Amino acid sequence: MKEPLKLSRRGLLGLAGVGLAGAGLGAGIAVGVDGVTGGGIASRNAANDPPGLRYDFYGTHQAGITTPAQDRLHFAAFDVAPGTSRADLIELLQDWTVAAAAMTQGKELGEFGAGSANYDAPPEDTGEAVGLPVAGLTVTIGFGPTLFSSSTGEDRFGLLSRKPPELVNLPHFAADDLDPASSGGDLCIQACANDPQVAVHAIRNLTRIAFGRAVLKWSQLGYGRTSSTSTSQKTERNLFGFKDGTANIKNENASDVADFVWTASSPSSPWMAGGTYLVARRIRMTLETWDRASLREQERVTGRTKAEGAPLSGGTEFSETDFSATAADGSRAIDPQSHVAQAHASHNGGAKLLRRGYNFVDGNDALGRLNAGLFFISFQKSPEQFVTIQKNLAKNDALNEYLKHVGSGIFAIPPGAPVGSFIGSSLFLT
Ligand SMILES: C=CC1=C(C)c2cc3[nH]c(cc4nc(cc5[nH]c(cc1n2)c(C)c5CCC(=O)O)C(CCC(=O)O)=C4C)c(C)c3C=C
Ligand SMILES: [Fe+2]
């Protein structure tokens, strides 16, 4: 088996904060002593530290997709910094791979970790995860459309000929009210963990490593997963108080995963084989209006019961929805305009998604309303699956009265990397 890569000198300098003060300080820090030294990774999980739940970083597919959804999210979108070359970009992806592999196994970053060997330099690892369990951390890296061609069509990194035709900005959907400041991005990183500090630590340190090469454009914290991606998980609730994730694709369902999640090799983008596409939507939920709606109305627009999450056509949580069932008054038991009716594969040409979203509450607005909602994330073998469903929802979903889409992103998620390689190697090196 190949040896894992090591952090580049630039990555180590980013960790040590030297870029901020100028490269002239490089000689003074512990990590750069021989110019190329480094890449060593300190171990966080010393004997007394709880190991916690761990997922492999290296593998056929990236982790954080079919992995049982963790409870917390820190999602970040980056723009590549001006002046960054193709070689710099490759080096950044190598550094992110090394660092993500280390953090997902509970290791501190750099040679000396949070207790830097040089008292006069910033510690290599910011330190807030020291002593914490790994908490099932996964790091998932993706490429936005603008990485392949700028808004003026410029082939920024010699990647244009390899751009998947489906990797384009999502179309405008009815009632979209997107804020460009929380949309788009050349690169994305999804960090999920069962401890918020572990997820934040990952994004914070990957952002430091990117110093001078990529800049954080926007980021989103999420809590209380609104999806389960394994039958071993119970279904949690969204901020409307409804179970969310019941009819999701579960990783035990190998045929759904193969049919709807992993991208196959195609002549235009063979490098995406074993990858997937990530769609992120920041959806504001007007909780104050919702909280004044009757239970009857809440269940009607959702199409399921609030207590158990059972379809209004009857049964229990995991019973099949029966859209032809009628209520005592002869009307449809599940309102055809309800969310579950409009989102169901049978109303969308068979399209299905693997949903992996989180609740968010980001303070409140000037009117005293919670700035809260669902940070919706879905993975699909083609963005067309999301577009088909969202086009329909934007026009017909009864839930729309309580929702506003305010942020958006689409990213190609390349396949996983084998040990010794890096995320994106199939794009850049094959
Ligand atoms: C484009 C895709 C979807 C968006 C955007 C979306 C937003 C959204 N959903 C809820 C709450 C629930 N969604 C539920 C089911 C469900 N939702 C989608 C897709 C999108 N949702 C699908 C494909 C499904 C499954 C439909 C089916 O096959 O039955 C449910 C029911 C429970 C469940 O199955 O998960 C709830 C509740 C909110 C609040 C929201 C925006 C904020
Ligand atoms: Fe939904």
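Mentor: Apart from its neighbours within four places in sequence, Pro383 is in contact with Glu166, Tyr277, Val279 and Ile410. This is a predicted model, and the contacts are to be read as such. Take the pair Pro383 and Ile410: they stand 27 residues apart in sequence, yet their C-alpha atoms are 8.1 Å apart in space. Pro383 has 23 C-beta neighbours inside 10 Å, and a residue is buried at 20 or more, so Pro383 counts as buried.

Pro383 belongs to helix 10, which covers residues 383-396. That helix leads on to ligand 1, because helix 10 gives the most to the shell around this ligand, 4 residues. At least two shell residues each also come from strand 5 (276-285), helix 9 (339-343) and strand 8. In total, 29 residues surround ligand 1, and the closest are Phe242, Thr246, Ala247, Ala343 and Leu374. Sorted by class, the shell holds 15 nonpolar, 10 polar and 4 charged residues.

Leu374 lies in strand 8 and is the bridge partner of Asn359. Strand 8 (residues 370-380) pairs with strand 7 in the antiparallel sense, over 5 bridges. These two strands form a hairpin with 5 residues between them, and in its turn Gly368 has a positive phi of about 80°. Strand 7 (residues 358-364) has another partner in strand 4 (residues 214-225); that pairing is antiparallel as well and has 2 bridges. Here Asn359 of strand 7 stands opposite Tyr223.

Most residues other than glycine have a negative phi. Ala135 is not a glycine, yet its phi is positive, about 60°. Ala135 sits in the loop between helix 3 and strand 2 (138-143). It counts as buried because it has 22 C-beta neighbours inside 10 Å. Ala175 also has a positive phi, near 70°, without being glycine. Its place is the loop between helix 4 (145-148) and strand 3 (187-193). Ala175 has 11 C-beta neighbours inside 10 Å, and the limit for exposed is 12 or fewer, so Ala175 counts as exposed.

Helix 3, at one end of the loop that holds Ala135, runs over residues 86-104 and has 19 residues. From first C-alpha to last it reaches 27 Å, close to the 27 Å expected at 1.5 Å a residue. Of its 19 residues, 15 are buried, so helix 3 is largely enclosed by the rest of the structure. Gly106 follows helix 3 and has a positive phi near 80°.

Last, the chain as a whole. It has 11 helices and 9 strands. Its radius of gyration is 22 Å, close to the 22 Å that the globule rule gives for 430 residues, so the chain is as compact as a globular protein of that length. Along the principal axes, its C-alpha atoms fill a box of roughly 80 × 50 × 45 Å. Of the 430 residues, 49% count as buried, and Pro383 is one of the buried residues. Among contacts between residues at least 6 apart in sequence, 75% join residues at least 24 apart. The separation of Pro383 and Ile410 in sequence is 27 residues.

Terms used:
Residues are numbered from 1 along each chain as its sequence is written. Chains are lettered from A and ligands numbered from 1 in the order in which they are written. This is a predicted model: local features need pLDDT of at least 70, side-chain atom pairs count only at pLDDT 80 or more; totals for chains, interfaces and linings use all residues. Two strands pair if DSSP finds at least two bridges between them. Two residues are in contact if their C-beta atoms, placed from the backbone, lie within 7 Å. A residue is near a molecule or strand if its C-beta atom, placed from the backbone, lies within 6 Å of it. Ala, Val, Leu, Ile, Met, Phe, Trp, Tyr, Cys and Pro count as nonpolar, Asp, Glu, Lys and Arg as charged, and the others, Gly among them, as polar. The radius of gyration is taken over C-alpha atoms; the globule rule is 2.2 Å times the number of residues to the power 0.38. The expected span of a helix is 1.5 Å times one less than its number of residues.
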